[in-house]
Amino acid sequence: MKKVYGSAAEALDGLLFDGMFIAAGGFGLCGIPELLLDAIKDAGTKDLTFASNNAGVDDFGIGILLQTKQVKKMISSYVGENAEFMRQYLSGELELEFNPQGTLAERMRAGGCGIPGFYTKTGVGTVIAEGKEHKDFDGETYIMEKGIFADLAIVKAWKADPTGNLVFRKTARNFNPPAAMCGKVCVVEVEEIVPTGSLDPDNIHLPGIYVHRLIQGEHEKRIEQRTTRAA
């Protein structure tokens with residue numbers, strides 16, 4: 001089965017449709033699938049729902065799709081750093097489903113494991129719990145959260161072999177593995193594709209069984225908040 005494609009557009013060919021649900025890896029600008037997001041923008045696919053910790057910044061990451069009004073709904077933990085995200089949400093142009101970060105990660109992981117729902121204490125007694133099933137275990141109240149089952153997962157990794165085994169680099173791992181797991185189809189962009197057998201099996205962070213398509217590309221190393229001091 002061919003997994004390696006020549007470009008982001010080729011890797012997404014035949015997968016995109018209006019109104020689809022996409023799970024995207026990344027945290028801030030760290031480990032975001034920037035090439036695949038650019039290709040989705042160029043494709044013009046609209047009315048998208050994204051499950052992602054945040055939406056990057058105004059001109060990078062999912063933020064570029066907010067600018068073009070291609071996103072209908074965000075399932076996220078954090079709105080900060082993106083003025084357009086905040087503006088669209090406050091003006092009612094963008095639907096937003098807030099999730100605590102741990103809950104969002106577990107919803108993705110649960111979907112990837114075929115688990116339709118789970119109970120958590122996080123969010124009990126807050127607006128997060130409104131409209132959700134409550135259940136008591138050993139005298140403690142929990143709320144039901146549903147697993148995320150996305151039409152497409154797009155993620156960024158450091159290295160891969162041609163079969164799709166992935167290695168992430170340090171904090172760039174973040175939401176990428178659970179996002180990759182929960183998509184019906186998973187497309188990955190990496191900095192380097194290495195020969196089959198060159199990755200230590202004990203160091204593989206996500207097995208290739210989850211990965212359907214793969215590209216190698218050049219990536220921009222942006223710093224979200226540059227903090228410096230006088231010399």
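This is a predicted model: local features need pLDDT of at least 70, side-chain atom pairs count only at pLDDT 80 or more; totals for chains, interfaces and linings use all residues.
Residues are numbered from 1 along each chain as its sequence is written, and side-chain values use heavy atoms, with hydrogens and water left out.

For the elements I kept to DSSP runs, numbered from the N terminus, with helices (H or I) of at least four residues and strands (E) of at least two; two strands pair if DSSP finds at least two bridges between them.

**Neighbours of β8**

I noted that strand β1 (residues 21-24) pairs with β8 in the parallel sense over 3 bridges. Strand β10 (residues 183-193) also runs parallel to β8 and is joined to it by 9 bridges, and there Lys 156 stands opposite Glu 189 in β10. With strand β9 (residues 166-167) the sense is antiparallel, over 2 bridges, and Ala 160 has Leu 166 in β9 as its bridge partner. I then looked at the hairpin that β8 and β9 form, which has 5 residues between the strands and, in the turn, Gly 164 with a positive phi of about 95°.

**Cover and core**

I checked how covered β8 (residues 150-160) is, and 8 of its 11 residues are buried, where buried means under 20% relative accessible area, exposed over 50% and partly exposed in between, with a 1.4 Å probe and protein chains only. The largest nonpolar core has 29 residues, of which Phe 50, Met 74 and Ile 154 touch the most other members; such a core is a set of buried Ala, Val, Leu, Ile, Met, Phe, Trp, Tyr and Cys residues joined through side-chain atoms within 4.5 Å. Among the elements that give two or more residues to this core are β1, β3 (71-76) and β8, and α2 gives the most, with 4 residues.

**Helix α5**

I looked up helix α5 (residues 101-112), whose 12 residues reach 17 Å from the first C-alpha to the last, close to the 16 Å expected at 1.5 Å a residue, the expected span being 1.5 Å times one less than the number of residues. Its buried residues include Leu 104, Arg 107 and Met 108, and just after α5 I noted Gly 114 with a positive phi of about 75°.

**Phe 98**

Finally, I placed Phe 98 in strand β4 (residues 95-98), where it counts as partly exposed because its relative accessibility is 34%.
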